[in-house]
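Reader: I would like to learn how to read salt bridges in a structure. Please take me through some cases.

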Amino acid sequence: MKTFLFSHFSFLKRSALLLGSLFLGQVLSAQTSSTLEPPAPHDSAYYARMQWFDNAKLGIFIHWGIYAVDGVSESWSFFNNNVPYDKYMAQSKGFTASNYNPAEWADLIKESGAQYTVITTKHHDGMALWNTKQSKLNVVKQTPAKRDLITPFAEEVRKRGIHLGTYYSLLDWSHPDYPNHTRTSVRYDIKKDPARWQKFCKFNMAELNEVNTNWKPDLIWFDGDWEQTAETWNAPSVIKMLRKTNPNVIINSRIQGYGDYATPEIGAPVVRPKARYWELCYTINDSWGYQQGDTNFKSKQFLLTTFVDCLSKGGNLLLDITPKADGTIPQENIDVLKAFGRWTKKHAEAIYNTRAGVPGDYFIGYTTVNPQKTTLYLYLPYKPVEKVMVKGIVNNIKDIRVVGQTEKPTYTLYNKLSWSEVPGVLYIDVPERLLDENITVLALDLEGELKVYQGEGQVVTAN
């Protein structure tokens with residue numbers, strides 16, 4: 001995958017995003033305002049097909065391929081000349097999928113609380129995980145697995161009500177008609193041999209058509225677009241072809257600007273992305289595919305905190321797991337998904353269907369609101385030293401709850417003065433017995449739609 005880090009943004013762009021996010025993307029005409037989300041220039045059909053994605057919040061990414069045999073970087077290991085191409089492709093002899101149980105995979109994804117999953121149908125190495133009619137380079141013809149690995153998985157996830165996403169690499173470093181082979185080896189120049197390029201495009205469209213018609217995915221997750229322009233990829237025709245038979249398919253951003261949502265990778269955004277819909281794709285250790293030598297696993301607490309960070313900015317988390325060549329999922333992956341499952345089950349109301357909350361000026365931490373904006377959720381990935389402070393909330397408080405608990409915390413409102421428009425400061429006492437083992441969630445039920453004060457405080461002058 002092509003690493004996309006938000007730290008690569010220019011200072012000016014970061015500054016513009018920060019200014020745009022400070023006040024929820026709105027120009028204020030008064031000192032109080034509803035929390036509105038920035039508009040996007042799209043039609044009603046766009047919003048309709050994006051609704052399930054917007055509400056889903058958690059997805060599970062699956063990188064599975066022959067690269068798991070030796071535990072090398074998927075495709076990149078030969079492209080970067082770290083492993084000879086022939087040695088890389090020889091891994092196909094060890095790709096057995098002998099313990100592959102798609103029902104168990106689907107059960108684990110369901111248990112995690114994920115609402116969708118994205119599986120690699122073909123990575124940049126060109127090895128398809130189904131019996132494509134367009135090439136002999138697939139696991140049915142080239143590996144001991146000798147079967148289509150995508151169809152049974154698609155069937156199992158749909159039985160469980162999980163949305164299906166299919167990853168597909170636009171580039172194919174193994175295909176004889178694709179111009180690039182490795183970082184130092186190029187087959188030909190597209191400008192000098194456009195007919196050869198069109199031959200590859202015809203192959204690509206035919207394979208994509210198989211993916212689209214075989215499984216009617218809810219989401220197509222493109223990758224590899226960076227090597228060509230939108231015009232060269234013929235991106236508009238690709239989208240038109242996919243939507244002709246699958247009109248509601250959602251497409252990620254990696255098709256040179258013709259997708260539906262943004263897909264930052266690894267580098268969590270510091271400020272909310274400008275895109276209305278977005279998803280952070282993220283690894284459990286440092287690798288996308290299985291690498292037995294990579295033991296740098298992130299803690300469950302770290303990953304859950306990253307998840308609520310995404311929620312607080314109105315985005316999704318697409319968390320990657322790395323099956324072995326025989327189809328077993330590493331225990332470290334299983335443990336993380338089960339930890340997510342415990343937490344998401346307990347805090348479902350504060351996860352699914354939520355929207356971005358208030359800026360950090362109001363609460364030092366992560367926040368979301370319900371769709372009606374009548375409940376503000378506060379996430380506490382720590383044990384409060386004293387009381388939890390919230391300021392700038394104009395609304396009267398109807399109730400304060402600890403999500404998943406019956407006992408309620410106590411709270412006090414200070415400095416709510418009849419002669420001042422400045423709201424009081426709310427202090428919430430959350431005793432240790434009410435804290436979650438990972439992240440505690442407080443729900444502030446409000447009278448009316450959330451309104452926040454954005455003034456500079458009350459200044460009193462003597463007459």
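Author: Start with Arg254, which forms a salt bridge with Asp223 in this predicted model. Their closest N and O atoms are 3.2 Å apart.

Reader: Are Arg254 and Asp223 buried or exposed?

Author: Both Arg254 and Asp223 are buried.

Reader: Which residue forms a salt bridge with Arg433?

Author: The partner of Arg433 is Glu407, and the closest N and O atoms are 2.7 Å apart. Here too the pair links distant parts of the chain, 26 residues apart. Arg433 is in the loop between strands S17 and S18, while Glu407 is in the loop between strands S15 and S16. Arg433 counts as exposed because its relative accessibility is 58%, and the cut-off is over 50%. Glu407, at 34%, counts as partly exposed.

Reader: Where do Glu156 and Lys159 lie?

Author: Both are in helix H7, residues 150-159. Because they are three residues apart in that helix, about one helical turn separates them. Glu156 is buried at 14% relative accessibility, whereas Lys159 is exposed at 63%.

Reader: Which residues do salt bridges with shared partners join into one network?

Author: Asp107, Glu156, Lys159 and Arg160 are joined in this way.

Reader: How many salt bridges does the structure hold?

Author: There are 24 salt bridges in the structure.

Technical notes:
Residues are numbered from 1 along each chain as its sequence is written. This is a predicted model: local features need pLDDT of at least 70, side-chain atom pairs count only at pLDDT 80 or more; totals for chains, interfaces and linings use all residues. Side-chain values use heavy atoms; hydrogens and water are left out. A salt bridge is a side-chain nitrogen of Lys or Arg within 4 Å of a carboxyl oxygen of Asp or Glu. Helices (H or I, at least four residues) and strands (E, at least two) are DSSP runs, numbered from the N terminus. Buried means under 20% relative accessible area, exposed over 50%, partly exposed in between (1.4 Å probe, protein chains only).
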